[in-house]
Structure formats: C-alpha cells, structure tokens
Amino acid sequence: MAKMTTAKPFIKFLSLLPIRSHAGSKPVGGGQLKSTHMQSWTDYQSQHKARFLDELLALLRIPSVSARSEHKPDMQRCAEAVKQSLLQAGVDKAEIYPTEGHPVVYGEKIVDKNKPTVLVYGHYDVQPPDPLELWHSGPFDPVIRDGKIYARGSADDKGQFFMHVKAFETMIHTATLPTNVKFIIEGEEEIGSPNLGKFVATHKDLLKADVILISDTAMLSLDTPSIDIGVRGLSYIEVEVTGPNRDLHSGVYGGAVANPITILARMIASCHDANNHITIPGFYDDVVEATPAERALMAKAPYNEAEYKKDLGVSQLWGEKGYTTNERTGIRPTIELNGIWGGYTGEGAKTVLPSKATAKISARLVPNQSSRVITEKLLNYFRQIAPEGVTVRAEEHHGGEPYMTPIDSKAYRAAASAIEAVFHKAPIPVRGGGSIPICALFEKELGIKIVFMGFGLDSDNLHSPNEKFNLENFYKGIETIPYFHQFFAEK
C-alpha cells in the first residue's frame, strides 16, 4: 500500500458527548466479518480500479451547476448519467423524478425485506466555478496531479457519492450485499435543496429505511481518521441598498448624496463588535454554551496553528474573543459576508456614485438555533438599521437546521468499526463547521437517523478554485463502505 497522505492539520471537533460512548462501545461485528468477503472485495476493486476512476472523471466533466439557469440541460444530462451509473452498478430499478427545479435520481436494490435497509444520500449538483482565472486547469476538465483529482465536484459531492455506487457494485458483483440499499441523489443541495422537502414528504414509503448514510463531509486525515457527528445549520440572505435613482457623477454629487456602498459596508460592519461578537439582538438566545469540561474534550482534536495559517496564507487568525479556532468553527455560530458588489468594477476607472449596492450574507448555526428564527432576525436587523436617504431590500435565499447524530447507535458503531477495519485506527468523533440542510428534514419526515462517513479533507478547496479529491481517499472510501453494510447487517 502506498504511504498514506496527511491533510494539513485543519480543525474538526470532538463530540460534546462523553468519549466513553465511542471508545467504550463494543464494535459492531468485531471479528465476525468473513475473510472471504474481504478478499473478494479487494480483488474486485483492484481489478476495476482504473475503470472506477474513468467513470468518475466522465461524471466530473458535466458542468452541473444548479445555481445557474443556463446549466439546466447539463443538470438533466448529469441526472441521466447518475441513473445509468446506478443501473450499471446493479440496482433493480433507477428512476429520475422531476421536481419544480432540478430532478432527483432514485435507485434501489432489495435483496430481502427482512434485512435492514440503508438509504444513501448524495448530490450531483456543484457550486459555480468562479473565479475561473484562479483555476490551474479547467474546472470541468478533470486532471490528476500529485495523486489528486482537480475538478469542480471532485470532493463535493460527485467523488464522494460515487464511492457508494462503486462500493455497492463491488458487493453486487461479489454476491456479498448484506443489506437492502436505496440511493437518493439530488440536484439542488448547493442551492439549499428547495424542492427536496416536498419530494421526501410525498415519497415516504419509497424512501423507507433504517439509516441514512451520507458522504458529504471530511475526515481529519488518512492518518487520523474521524467521523463527523454534527453539522451546523445555515441561514442565507441577500441585502440590497438603493440610494439615488441612477448612478451619479462622484464629483458632482459626492458628499451630497448617500453612497449605497458606504451605507451597506457600515451596516455589515455593525454586525460584529470589537471582540468579533455578533451584535444582532437575540442572535445567541438559543445557543447552549459548552461547559469547561466539554471544551477540554474539544481541545484534544489535532491542530497546528502555524501550519493552519501557512496553508491559508494568512499571518493572523480572526474570530470571536474567548474561543479557540476549533471552537469558533465548530460550536459557535457565525455571520460571514459571501459576496458584495456595486458601482463600477470593470477595467480602468469610472468615477461614479452608484445607485445600488448588494451583499450576500450567511450565518452558520449551532444546535438549538432555528434557521427560520435567525433568518427573520437578520432580515429585520438590516431593514431596521437603514439610515434615511436609502431604501433596503432584504430577502431570504435558503437555510437549513443544525444536526447532531448519536454516537451510541448501532449505525454509528458500524461506521466506526468499518473505518477501524480499513484504517486500523478507531475514528475520532468530531463536529464539522459546514452545513447539510436536508439532515433535519430527513429525520423529521422519515424518522430515521443519519450517519456521516466523509472521506474528503478540509483542504480540498470546497467551493473554491482548484477543488480536489485525493485518489487515495476515493479508493479508501470504496474499500471502507462495504464494511459498514456488513457490520450494520449483523444482529
């Protein structure tokens, strides 16, 4: 086996639950897995390794950007490709379900109605690739450099859900599939899954399962494997400030008319105080503060601040006073400015006082915070602090709830045992800083828990230029996932 590559020591977070719930738990299926199964999986995956990669690269070439209307035909084409990949892997049936937006792809293999059912969730849509000039190669022209696949969607989430398709194929073609498996691969996760809730609510019988398995998260590294047990929620809004009825000459009118960019910048700056504490009234009302003992547990997660800063190219870190960097990005809520524009931004100079300025703003939420409540607080705040001389339009884009998964469940223990079987180390339970809006929705509608088994790295440039996915992580995921099914199926 090639030497394991290690991610930059990016931060993830230990569970607030006692460590004994993980370390003291008896692994599911310990010692019961048939060695013949293991060998047949290894043989099949080795034989088809090159094909697995070629098929993933073909999927990555489809520019399935859900946020842009011009890519609607590409979204349909990608849905068709996902459907074909499921059929090729061995599902009994696969269908494309239209929604009011982009379609949902569903597939299933029912081996025995008395056996447990695993519902695999993923998404085939990707973030816009901008800014294009910062990519070292085309975002939809995947290349392999230094053992990494560079392409939009390589880690988020095409490469990760495709691991499940190939792991499933492995079990089908080696006659070792121990569970029923269902796939739901959607096309709107990157825009907040606006139509998935309706689909799930109207297809409860179709999606009935015993656990939901998701690979849309990261692990600390291949040397220090981990499992996310929680993700933060999300509130995403857009604020537009309008001043004069047209762009004005900045010399003729400057100093006499409020500049929307200046006003918007002041409004945004007012969201934090000198200690980087969020000032919006009521923002922290539902946040449960971690105890000193819980924070001590979190401090055990591997972290090297010097390397963290070096990797990001920053000389100083920034955040809420009184909390460590890992706490700020795991157990604390945040507000971030995602984009801002107004006036003239083209080449050269154009001295204007703009008519409008606009910003996209997101808040990451922690357990007990409600995206609906926080969104309303954000919208009201920007509407109320607008000074005279401008008008403000504030509207919601999308949101999602924070989610925690129990680490004393059979499903979590099956995932932990699977990772330990392949990595020869027990995974660390951690909390991630990102958001998967559909998690709370799934549990509410289907009444089942979620287990995260992510194989990406925090350094994979998700949502950024030069997104990547390590080949070794891709193959390790395919190798590990059959163990989960086997351990979960054992009584």
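**Close-up 1. Asp43 sits in helix 2.** Helices here are DSSP runs of H or I with at least four residues, strands are runs of E with at least two, and both are numbered from the N terminus. With a relative accessible area of 42%, Asp43 is partly exposed; buried means under 20% relative accessible area, exposed over 50%, and partly exposed in between (1.4 Å probe, protein chains only). Asp43 and Thr174 are separated by 131 residues in sequence, yet their C-alpha atoms lie 9.5 Å apart in space. A word on what you are looking at: this is a predicted model, in which local features need pLDDT of at least 70 and side-chain atom pairs count only at pLDDT 80 or more, while totals for chains, interfaces and linings use all residues. Residues are numbered from 1 along each chain as its sequence is written, and side-chain values use heavy atoms, with hydrogens and water left out.

**Close-up 2. Helix 2 (residues 35-47) packs with helix 5 (residues 158-173).** Their axes are 9 Å apart and form an angle of about 120°; axes are lines fitted to C-alpha atoms, for helices over the stretch in contact, and angles run from 0 to 180 degrees between N-to-C directions. That angle makes helix 2 oblique to helix 5, because angles under 35 degrees count as roughly parallel, over 145 as roughly antiparallel, 65 to 115 as roughly perpendicular and the rest as oblique. The crossing of the two helices is right-handed, a term for the near helix being turned clockwise from the far one by less than a right angle, with left-handed used if it is anticlockwise. Look for Trp41, Tyr44 and Gln45 of helix 2 meeting Glu169, Thr170, Met171 and His173 of helix 5, where contact means heavy atoms within 4.5 Å. By class, this contact has three nonpolar, three polar and one charged residues. Ala, Val, Leu, Ile, Met, Phe, Trp, Tyr, Cys and Pro count as nonpolar, Asp, Glu, Lys and Arg as charged, and the others, Gly among them, as polar.

**Close-up 3. Helix 13 (residues 410-423) packs with helix 15 (residues 471-489).** Here the angle is about 135° and the axes are 8 Å apart, so the two helices are oblique to each other. Helix 13 passes helix 15 in a right-handed crossing. On the helix 13 side, the contact residues include Ala411, Ala414, Ala418 and Phe423; helix 15 contributes, among others, Lys476, Tyr483, Phe484 and Phe487. The contact comprises 12 nonpolar, two polar and three charged residues.

**Close-up 4. Two cis peptide bonds can be found in loops.** The bond from Asp130 to Pro131 is cis, with omega near 0°, and Pro131 belongs to the loop between strand 4 (117-123) and strand 5 (143-145). The bond from Asp156 to Asp157 is also cis, with omega near 5°. Asp157 lies in the loop between strand 6 (148-150) and helix 5.

**Close-up 5. Ser193 and Asn461 have positive phi values.** For Ser193, phi is near 50°; this residue is in the loop between strand 7 (180-186) and helix 6 (196-202) and is buried at 6% relative accessibility. For Asn461, phi is near 60°. Asn461 lies in the loop between strand 18 (450-452) and strand 19 (468-470) and is partly exposed, with a relative accessible area of 31%.
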